[in-house]
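Hello,

I am passing on a structure that you have not worked with before. Please have a look at it first, and then read my notes below.

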Amino acid sequence: MLTLSLVMAAAVASGPADTDPATIAAIEATCFDYVDGQLEADPARVARALHPDLAKRAVIGDTPYERLGLRRMSKEELVALTKKGELKTPREQWNRSCRVLDVVGNAASVRLETPWFVDYFHMGKFDDIWIIVNALWYSKPK
């Protein structure tokens with residue numbers, strides 16, 4: 001029973017079982033371009049992971065100005081924050097993981113986790129390149 005549990009856990013940890021490893025690797029590479037680019041303060045690396053019409057949001061709840069409020073960020077804003085080095089972090093402090101949750105055709109769902117935030121991505125495959133189209137993020141309490 002323990003062996004079966006370990007096999008099932010390994011299958012879930014590496015991504016959808018019926019998706020070829022090259023597809024999983026390509027999706028993960030995009031996820032790591034996004035996060036590692038921010039941690040390295042490399043705006044070009046972050047930019048190549050993002051769709052031009054990126055919708056990046058965080059739930060903030062009701063505000064005096066908006067019911068069901070969202071913090072919104074565009075590709076340009078994220079790239080500018082990266083250029084300023086807002087998340088630059090020494091490599092020895094990097095602790096991040098990308099997990100492909102689901103893939104169907106040219107669409108994928110991915111979970112990224114760092115010590116500071118969790119992102120849920122919707123990615124699309126355009127030609128042979130996976131890019132982040134939507135991102136919903138949660139900032140972890142400090």
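**An alanine to begin with**

A41 is partly exposed, with a relative accessible area of 22%; the term covers the range between buried (under 20%) and exposed (over 50%), for a 1.4 Å probe and with protein chains only. A41 sits in the loop that runs between α2 and α3 (43–48). Its phi is near 60°, which is positive although the residue is not a glycine. Most residues other than glycine have a negative phi. L68 is another such case, with a phi near 55°. That leucine is found in the loop between β1 and β2 (69–73), and at 59% relative accessibility L68 counts as exposed.

**What kind of model this is**

This is a predicted model, in which local features need a pLDDT of at least 70 and side-chain atom pairs count only at 80 or more, while totals for chains, interfaces and linings use all residues. Residues are numbered from 1 along each chain as its sequence is written, and side-chain values use heavy atoms, leaving out hydrogens and water.

The average pLDDT (the predictor's confidence in each residue, from 0 to 100) is 89 for the protein, and 89% of the residues score at least 70. Over residues 1–13, though, the pLDDT is below 50, and this stretch has 2 contacts in the model beyond near neighbours in sequence. A contact here means heavy atoms within 4.5 Å.

**The overall picture**

The protein has 4 helices and 6 strands, taken from DSSP runs (H or I of at least four residues for helices, E of at least two for strands) and numbered from the N terminus. Along the sequence they follow the pattern α-α-α-β-β-α-β-β-β-β. Of the 142 residues, 35% count as buried. Among contacts with a separation of 6 or more, 48% are between residues 24 or more positions apart. The accessible surface comes to about 8,800 Å², with 58% of it belonging to carbon and sulfur atoms; the area comes from the Shrake-Rupley method with a 1.4 Å probe.

**The core**

Which residues touch the most other members of the largest nonpolar core? They are I27, Y34, L112, F121, M123 and I132, out of 28 residues in that core. A nonpolar core is a set of buried Ala, Val, Leu, Ile, Met, Phe, Trp, Tyr and Cys residues joined through side-chain atoms within 4.5 Å. At least two residues each come from α2, β1, α4 (75–83), β3, β4 (107–113), β5 (117–126) and β6 (129–139). The largest share, 6 residues, is supplied by α2.

L112 shows some of these links: leaving aside neighbours within four places in sequence, its contacts include C31, Y34, C98, D119 and F121.

**The disulfide**

There is 1 disulfide in the protein, a disulfide being a pair of cysteine sulfur atoms within 2.5 Å. The sulfur atoms of C31 and C98 are 2.0 Å apart. Because C31 lies in helix α2 (residues 21–40) and C98 in strand β3 (residues 97–104), the pair ties together parts that are 67 residues apart in sequence. The torsion about the S-S bond is about -80°, so the disulfide is left-handed. C31 is buried, with a relative accessible area of 0%, and C98 is buried as well, at 11%.

**Two buried lysines**

Is K56 buried or exposed? At 4% relative accessibility, K56 counts as buried. This lysine is in strand β1 (residues 50–61). Its side chain makes a polar contact of 2.6 Å with the side chain of Y34 and another, of 3.2 Å, with the side chain of D119. A polar contact is a pair of N or O atoms within 3.5 Å; within protein, one must be able to donate a hydrogen and the other to accept it, and residues adjacent in sequence count only if both atoms are side-chain atoms. Not counting residues up to four places away in sequence, K56 also touches other residues, including R71, M73, L78 and W137.

K75 lies in helix α4 and is buried too, with a relative accessible area of 17%. The side chain of K75 reaches the backbone oxygen of A47 at 3.3 Å. Beyond residues up to four places away, K75 touches A47, L50, H51, P52 and L54. K75 and A55 are 20 residues apart in sequence, with their C-alpha atoms 7.8 Å apart in space.

Best wishes
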